[in-house]
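Please look through the sequence and the structure first.

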Amino acid sequence: MTGAVPLRIIGIDPGLRITGFGVIEKSGTRVSYITSGCIRSAGDELPERLKSILHGLREVIAIHQPRQAAVEKVFVNLNPQSTLALGQARGTVICAAVDAGLPVAEYTALQVKQAVVGNGHAAKAQVQEMVKRLLRLPAVPGSDAADALACAICHAHGGQGMGALSTLGHRVRRGRLLQGRTA
């Protein structure tokens, strides 16, 4: 019997100023670190920032050749302007992945933290420490890169922990997988 073909996954934590990315490889139940970092958007105007995010992610995808993408969903905050701008950055991230032919799965911060730490309300430092341990890294990754790596780990583990169903292409509401595909 031959081993499973490794699956390369890019996790992305969208941000208008800083977009975190992390690439891992899943082989069976084991996940391995490939790379991570941040794309810092350039320019003062929104179109310039979105363009730099798009070009940066295209470059990362071209170099590391992931086969799937996992993107953190945007949360709604009190400032509608900030929420809208973050949504545009997230849309740019999704476009970069789809343009490269990658299927895109989306996860809430709660799902990611639950899958990686076991607690959906874990602190950022806990997520960083668990990412370090799970990927056997020599040091704790930066916050944005750790969030992206955690998103990729969440996807590798089926979305909500080991053995859970993948939510790729399905609608999820309040933690429940709904019948039918997303529009």
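Two residues are in contact when they have heavy atoms within 4.5 Å. The model is predicted, and the values below are computed from it.

**Two packed helices**

Under that definition, H1 contributes Leu46, Leu50, Ile53, Leu54, Leu57, Arg58 and Ile61 to its contact with H2, and these meet Gln88, Ala89, Thr92, Val93, Ala96, Ala97 and Asp99. By class, the residues of this contact are ten nonpolar, two polar and two charged. H1 covers residues 46-64 and H2 covers residues 80-99. The angle between the two helices is about 35 degrees, and their axes lie 9 Å apart. The crossing of H1 past H2 is right-handed.

**The largest pocket**

The largest pocket of the model has a volume of about 270 Å³. It is lined by 14 residues, and the closest to the pocket centre are Asp13, Glu72, Ala109, Lys124 and Asp147.

Which helix gives the most to the lining of the largest pocket? H3 does, with three residues. Sorted by class, the lining holds eight nonpolar and six charged residues, and no polar ones.

**Salt bridges**

Side chains of opposite charge can pair when their charged atoms come close. Five salt bridges are found in the structure. One of them joins the side chains of arginine 8 and glutamate 25, with 3.0 Å from N to O. This pair links distant parts of the chain, since arginine 8 belongs to strand S1 (residues 7-13) and glutamate 25 to strand S2 (residues 18-27), and the two are 17 residues apart.

Terms used:
Residues are numbered from 1 along each chain as its sequence is written. This is a predicted model: local features need pLDDT of at least 70, side-chain atom pairs count only at pLDDT 80 or more; totals for chains, interfaces and linings use all residues. Side-chain values use heavy atoms; hydrogens and water are left out. On a 1 Å grid over the protein atoms alone, a cavity is a set of points where a 1.4 Å probe fits but cannot get out, and a pocket is an open set with protein on both sides within 12 Å along at least five of seven lines; lining residues have an atom within 4 Å of a point. Grid points are joined across faces, edges and corners, and a volume is the space filled by probe spheres set on the points. Helices (H or I, at least four residues) and strands (E, at least two) are DSSP runs, numbered from the N terminus. Ala, Val, Leu, Ile, Met, Phe, Trp, Tyr, Cys and Pro count as nonpolar, Asp, Glu, Lys and Arg as charged, and the others, Gly among them, as polar. Axes are lines fitted to C-alpha atoms, for helices over the stretch in contact, and angles run from 0 to 180 degrees between N-to-C directions. A crossing is left-handed if the near helix is turned anticlockwise from the far one by less than a right angle, and right-handed if clockwise. A salt bridge is a side-chain nitrogen of Lys or Arg within 4 Å of a carboxyl oxygen of Asp or Glu.
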